[in-house]
Amino acid sequence: MDELENRLRGITLAEPPLGFDPDEVAGKAAKKARNRRGIVVTSVATLAVIAAAVVFVAPGGGPAPLAPAASSQAAPKDPLQHLKDVMPKVLTGAKDIQVRDFVGFGDLKTSEVRYTDAEGRQRGVNLTIAGPVSTKDGYPRENRCDPAKRADAIGSDRKPTRCVELPQPDGNFVVISETAPKSAESDGDVILGQGFTTGRVVTRGAIAFPPGGGGSVNIADLGTLDDGDRGAPSLTDQQLLALVLDPAFAPR
């Protein structure tokens with residue numbers, strides 16, 4: 001048995017061919033490894049260049065600020081020019097429309113509009129834009145429809161003239177009211193504490209109070225101007241609202 005084992009150990013078995021050259025395979029593997037390292041180094045260098053291009057260090061040590069995006073909000077319109085543009089659209093059929101420059105003091109300014117209506121009568125409309133101070137002093141929002149606080153609010157048959165409050169969906173608070181001024185003559189009805197009233201509406205107006213208490217916009221339809229007996233105002237509620245709610249007239 002021992003002799004047989006020794007003979008078996010001495011036999012050299014022929015190895016089957018590998019089908020490739022081990023040295024060639026090792027060389028290719030080393031080449032691929034070198035290529036990978038080159039790609040990594042190149043990628044890092046590329047990222048460094050991109051970062052340097054994005055973050056430019058301005059003189060002074062800090063990063064250069066990015067350029068501000070263009071504003072999507074349109075520049076505010078000039079109220080006077082806009083009034084000249086819009087009145088021909090509001091005053092349908094009017095001729096010879098004249099819009100005068102704004103005059104005023106403090107945070108209050110008024111423009112007078114004069115025009116000829118379709119029947120040839122001269123009429124007038126005033127636009128007043130008031131800031132917070134003038135609104136508080138001269139155009140308070142509270143109790144605007146209270147007859148006790150409206151000296152010119154007594155119409156025919158001693159009934160209060162029209163006054164309505166119209167809150168708007170956008171937060172504006174609008175009041176439309178009419179006046180029948182007192183008269184020094186004794187042919188009107190005597191109103192205790194208010195003198196005489198003609199009982200006729202001669203002025204119709206609207207005032208808008210923007211949300212936040214930033215002031216007010218007031219439109220007054222003065223009626224006819226070319227005769228001693230002033231005629232009734234002609235602007236409708238829709239025309240008054242179109243003017244006082246126009247964003248171009250909002251107090252700034």
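Which residue in E4 is the bridge partner of Ser 111? The partner of Ser 111 in E4 is Leu 127. The model shown in all views is predicted: local features require pLDDT of at least 70, side-chain atom pairs count only at pLDDT 80 or more, and totals for chains, interfaces and linings use all residues. Residues are numbered from 1 along each chain as its sequence is written, and side-chain values use heavy atoms, with hydrogens and water left out.

**View 1. Overview of the protein.** The protein comprises five helices and 11 strands; helices (H or I, at least four residues) and strands (E, at least two) are DSSP runs, numbered from the N terminus. Of the 252 residues, 31% are buried, where buried means under 20% relative accessible area, exposed over 50%, and partly exposed in between (1.4 Å probe, protein chains only). Contact means heavy atoms within 4.5 Å; among contacts between residues at least 6 apart in sequence, 51% join residues at least 24 apart.

**View 2. Strand E3 and its partners.** Seven of the nine residues of strand E3 (residues 108–116) are buried. Two strands are taken as paired if DSSP finds at least two bridges between them. Strand E1 (residues 95–99) runs antiparallel to E3 and is joined to it by three bridges, with Lys 95 opposite Thr 116. Strand E2 (residues 103–105) is likewise antiparallel to E3, with three bridges, and Gly 104 has Lys 109 as its bridge partner in E3. Nine bridges join E3 to the antiparallel strand E4.

**View 3. The two hairpin turns.** Two residues lie between the strands in the hairpin of E2 and E3, where Gly 106 adopts a positive phi near 60°. The hairpin of E3 and E4 has five residues between its strands, and Gly 120 in that turn has a positive phi of about 85°.

**View 4. Surroundings of Val 125.** Val 125 belongs to strand E4 (residues 122–130) and is buried, with a relative accessible area of 2%. Beyond residues up to four places away in sequence, Val 125 touches several others, including Val 113, Tyr 115, Ile 219 and Leu 235. The C-alpha atoms of Val 125 and Thr 224 are 9.7 Å apart, although 99 residues separate the two along the chain.

**View 5. The disulfide of Cys 145 and Cys 163.** A disulfide is a pair of cysteine sulfur atoms within 2.5 Å, and one is counted by this rule. The sulfur atoms of Cys 145 and Cys 163 are 2.0 Å apart, and the link is left-handed, with -75° about the S-S bond. Cys 145 lies in the loop between helix H4 (132–138) and strand E5 (163–167), whereas Cys 163 lies in strand E5, 18 residues apart from Cys 145. Cys 145 is partly exposed at 23% relative accessibility; Cys 163 is buried at 19%.
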